[in-house]
Amino acid sequence: MSPQLTLQTPLELAPAEVPTYLDQLWSPEQQGNTGTGANTFCLLIWQPAWAEQQLVRSGRLKGPITGQQSKQLIAAGRQAVVDADLPLSTPPLDSTVIEACAGYDGSEDSDDLRGQYIDPALSALQPRRLITLAPTIDDGKALETLVAAYCPLPEEGGGTAACGDVVVLRGGHDALQEGMDILQPLLPASMPSWVWWNGFLDEASGLLEQLASSPRRLIIDTANGNPRHCLDLLRDRVESGQAVNDLNWLRLRSWHETLAMVFDPPHRRDALSHIIQFDIDVEGHHPAQGLLLAGWVADRLGWQLEHTEATEDGIASRFRRNDGAEVNFHLMSVPMGQPSVHAGQMVGLRLVSQPENGKGVCVILCAESGGCMRLEGGGMASMELLEEVVPTQHASPEMDVARLLGGGHDTTNPLLASSAPLAARLLA
């Protein structure tokens, strides 16, 4: 189903008038017109959509600007990679693509509907309030504040609709900073509030710090931004006790499940105690997801990190098992002709287990989009070889966020909380 537009044409108000207007909108005398206000949660979204804005401005993508990761947007981003002579392994919405598109001529004008397009996966949860911060590529643009009522379509919920409202703050960075004062009264303490930072984690750090203060629950994506900054931020939030969720971690679900399934048979579990080598391949040069998976494995098996260093093609580390034996870990960056829209996605992994007395086991997992040929090399012929293909997930960011919101999660996933600090340490 296509994303829905708001119930009414958004009304532009002065920022100071927004809280009063919303109070009046949900007053008892008004509820007969708009339905009952949902008593659920508030979601605040940072939605810069830099690539989409530049592609539309330069005439490489037809508007309107929605903030959605549409097939047309991804295709235009891939074409920009080719036209700008960037490495073919560059993700289509990468910062280098945005910089290249910023240099193209063009001044195409288009409607900006960020915050007014509501994904069905989110609307099905009947949020009380969706607040979108929509920074513009025109950094000098004055602040615009838009407000509208919103109700899910009847076929989604049935019965009486539990309605909500949307608030959009649009303008240049300085203008948005000036508009921050109205946010606190728009996020009532009686409802849980989530902040989805749907952009690069190393941009607008002051705004991120201001928006994502505890007890607000934070949703980030460690595939977006400088890897060092992404993993440090995730670790710091985890260690502070704030509820934080990482979409990059969520995309590892199939890898977690497949690896656990491989070692589930009783006769194979002992192999986990004799692992001597661990290899991970990731797309391109963004290691965050691979390091999160490595951190999960090491934490679950009780390995202690002794050394890590950057290499020409990735990261090399050394762990110490509980019995004192060494485990060598290597994360390798692999160029991909058509990479995922998310930087640094898993391509494959290999675990080599060699007991002192007995036949060794080599476990290889590879993504549907990748292949296991590189990992199959290296003298594994004398071992029991187990290979599995890990299903590729095709969920949109909105669907992943809806899955998190639907679960409630007022704390950080305990497996992520254990893995994140170790992943940050692995990045030399």
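Colleague: What stands opposite Tyr150 in S6?

Modeller: In this predicted model, Tyr150 has Gly164 opposite it in S6. Local features here need pLDDT of at least 70, side-chain atom pairs count only at pLDDT 80 or more, and totals for chains, interfaces and linings use all residues. Residues are numbered from 1 along each chain as its sequence is written, and side-chain values use heavy atoms, with hydrogens and water left out.

Colleague: Why are S5 and S6 called paired strands?

Modeller: Strands are DSSP runs of E, at least two residues, numbered from the N terminus. Pairing asks for at least two DSSP bridges between two strands. S5 (residues 144-150) and S6 (residues 162-171) are joined by seven bridges and run antiparallel, so they pair.

Colleague: Why is S5 called mostly covered?

Modeller: Buried means under 20% relative accessible area, with exposed over 50% and partly exposed in between (1.4 Å probe, protein chains only). Seven of the seven residues in S5 are buried. Glu144, Leu146, Ala148 and Tyr150 point one way, while Thr145, Val147 and Ala149 point the other.

Colleague: What makes a set of residues a nonpolar core?

Modeller: Its members are buried Ala, Val, Leu, Ile, Met, Phe, Trp, Tyr and Cys residues joined through side-chain atoms within 4.5 Å. The largest such core has 80 residues, where Phe278, Ile280 and Leu349 touch the most other members. A second, separate core of 18 residues includes Tyr150 and Trp196.

Key
Helix = DSSP H or I, 4+ residues; strand = E, 2+ residues; numbered from the N terminus.
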